[in-house]
Amino acid sequence: MGMTQPPSDPRRVPEEQDILGDLSEAQAMESYARLRGVVDDYRRTETVAGDAVSGLKARIMSIVEDEAARGPSTELFSSAGLPYVMTTSSLRAQVRAAVDEEPGLRARRVRVTSESAPGRPLDLRVTLTMAVGHSLHEFAPRLRGRIAVRMEQIIGVRAGHIDLVVEDVHDE
Amino acid sequence: MSGQAVGTGDPYAGLEEVTLVSRAQDGDLVAFEQLVDRYESRLLGLCIRMLRNRVDAEDIVQDTFLTTWRRLDSLQNPAAFKSWIFRLASNACLDFLRRREVRRTDAVDPGDMVEQSATGPSVEDRAETSAAVRELDRVLETLSPEQRIAWLLYEIEDQSYTEIADVLGVTEGSVRGRIHRARLAIVEGMKGWA
């Protein structure tokens, strides 16, 4: 951790000037360096938080789950043309699952890019990351098929154009 | 929450932060929970060291996570999540301390003071906590909130001057100045220990 000092600041308030009056900058920083062990001990010393974090997380997630359940919905149409709705997050989760099933891929975001209408397939834009050594050309047809099957079997709608965007390459 | 963890195995194990944030932006609760796991203790520790009151610190951390959940879609760059969440928590701490100071200043009736939340040491009062650490904790309380948060982000959170400037919304030079002045005050306050 650097111990560089900023240049003297003429706007220093009087209290700071008093401190500097007692100690030169160099002496002060030498003294601070000698306190390094105390600072390290302070960092390692537990705060009074103790084990309270689990209760806090439970409270946070309880509120978040309630809000998520009331989140936005996507209107869909069955093959018979009957309308129904599904939470948008659930629809996206199914598409993500199809991506995650493909070795070396990790889903990021899912967007429905077409208007839902009776008899009309649903277009998607899916962003993902790909492990080193994989090829978009190799997995793209297989992944599009996998997503389409899952859409049809679980969500009950046909997939149309599926735009795949590789945002990043990750190590596995 | 496991209802959304569809697929084989644990698709969240080892996911990089940008992916977790992106998924959380799409309403993925498991991804958001992973982010809570990553930052909860760090934010709570920071807020306790700032406010010296666990209940107030927990309130701020809870509000911080709820705000991130509700505004996640406004985050244009998922890679900036860490900076964003520390900014929300830091600003909340500084606002809280300003309000507490105003209440303290405005309170003319001693009875009004009861309404204020009590403060104490920020570190565990255990036998293994050294006297020097307790003294440092006491000196830190005398710093201005702006100096204290900068010092804590640098020394405890190990953030760079650039990262701290981003979190606090000030220039890097200002961060350097605050940390430098905090160090001078620590040296002065701990003369017997250096």
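**Helix packing and chain contacts in a two-chain model**

User: Is the crossing of α1(B) and α2(B) left-handed or right-handed?
Analyst: This is a predicted model, in which local features need pLDDT of at least 70 and side-chain atom pairs count only at pLDDT 80 or more, while totals for chains, interfaces and linings use all residues. Residues are numbered from 1 along each chain as its sequence is written, with chains lettered from A and ligands numbered from 1 in the order in which they are written. A crossing is left-handed if the near helix is turned anticlockwise from the far one by less than a right angle, and right-handed if clockwise. For α1(B) and α2(B), the crossing is left-handed.

User: At what angle do helix α1 and helix α2 of chain B pack?
Analyst: Helices (H or I, at least four residues) and strands (E, at least two) are DSSP runs, numbered from the N terminus; here the helices are α1 (residues 17-25) and α2 (residues 29-51) of chain B, with axes 7 Å apart. Axes are lines fitted to C-alpha atoms, for helices over the stretch in contact, and angles run from 0 to 180 degrees between N-to-C directions. The angle between α1 and α2 of chain B is about 130°.

User: Which word describes α1(B) relative to α2(B)?
Analyst: Helix α1 and helix α2 of chain B pack at about 130°. Angles under 35 degrees count as roughly parallel, over 145 as roughly antiparallel, 65 to 115 as roughly perpendicular and the rest as oblique. Because of its angle, α1(B) is, relative to α2(B), oblique.

User: How many nonpolar residues has the contact of α1(B) with α2(B)?
Analyst: Two residues are in contact if their C-beta atoms, placed from the backbone, lie within 7 Å. From α1(B), the residues B:L20, B:V21, B:R23 and B:A24 meet B:A31, B:F32, B:Q34 and B:L35 of α2(B). Ala, Val, Leu, Ile, Met, Phe, Trp, Tyr, Cys and Pro count as nonpolar, Asp, Glu, Lys and Arg as charged, and the others, Gly among them, as polar. Beside one polar and one charged residue, the number of nonpolar residues in this contact is six.

User: Which residue follows α1(B) with a positive phi?
Analyst: Within α1(B), the buried residues (20 or more other C-beta atoms within 10 Å of their own; exposed is 12 or fewer, partly exposed in between, with C-beta atoms placed from the backbone) are B:T19, B:L20, B:V21, B:S22, B:R23 and B:A24. After α1(B) comes a residue with phi near 90°, namely B:G27.

User: Are α7(B) and α8(B) roughly parallel or roughly perpendicular?
Analyst: The axes of α7 (residues 161-168) and α8 (residues 172-189) of chain B come within 8 Å and cross at roughly 105°. Residues B:Y161, B:T162, B:I164, B:A165 and B:L168 of α7(B) meet B:E172, B:V175 and B:R176 of α8(B), and this contact has five nonpolar, one polar and two charged residues. By their angle, α7(B) and α8(B) are therefore roughly perpendicular.

User: Which element gives the largest share of the side of domain 1 of chain B that touches domain 2 of chain B?
Analyst: Chain B is divided into domain 1 (15-115) and domain 2 (127-194), with bounds from an automatic or database domain assignment, and the C-alpha centres of the two lie 20 Å apart. Twelve residues of domain 1 of chain B contact twelve of domain 2 of chain B. On the domain 1 side, two or more residues each come from α2 and α4 (81-106) of chain B. The largest share, seven residues, belongs to α4(B).

User: How far apart are the C-alpha centres of domain 1 and domain 2 of chain A?
Analyst: Chain A has six helices and five strands. Its assignment gives domain 1 (14-44) and domain 2 (72-170). The C-alpha centres of these two domains of chain A are separated by 58 Å.

User: What percentage of the residues of chain B count as buried?
Analyst: In chain A, buried residues make up 22% of the 172 residues. Chain B, with eight helices and zero strands, has 194 residues, and its buried percentage is 44%.

User: Which element of chain A gives the largest share of the side that touches chain B?
Analyst: The contact takes 50 residues from chain A and 57 residues from chain B. By class, the side of chain A has 23 nonpolar, eleven polar and 16 charged residues. Its largest share, ten residues, comes from α4(A).

User: Is A:R142 buried or exposed?
Analyst: A:R142 lies in helix α6 (residues 136-155) of chain A. Because A:R142 has 10 C-beta neighbours inside 10 Å, the residue counts as exposed.
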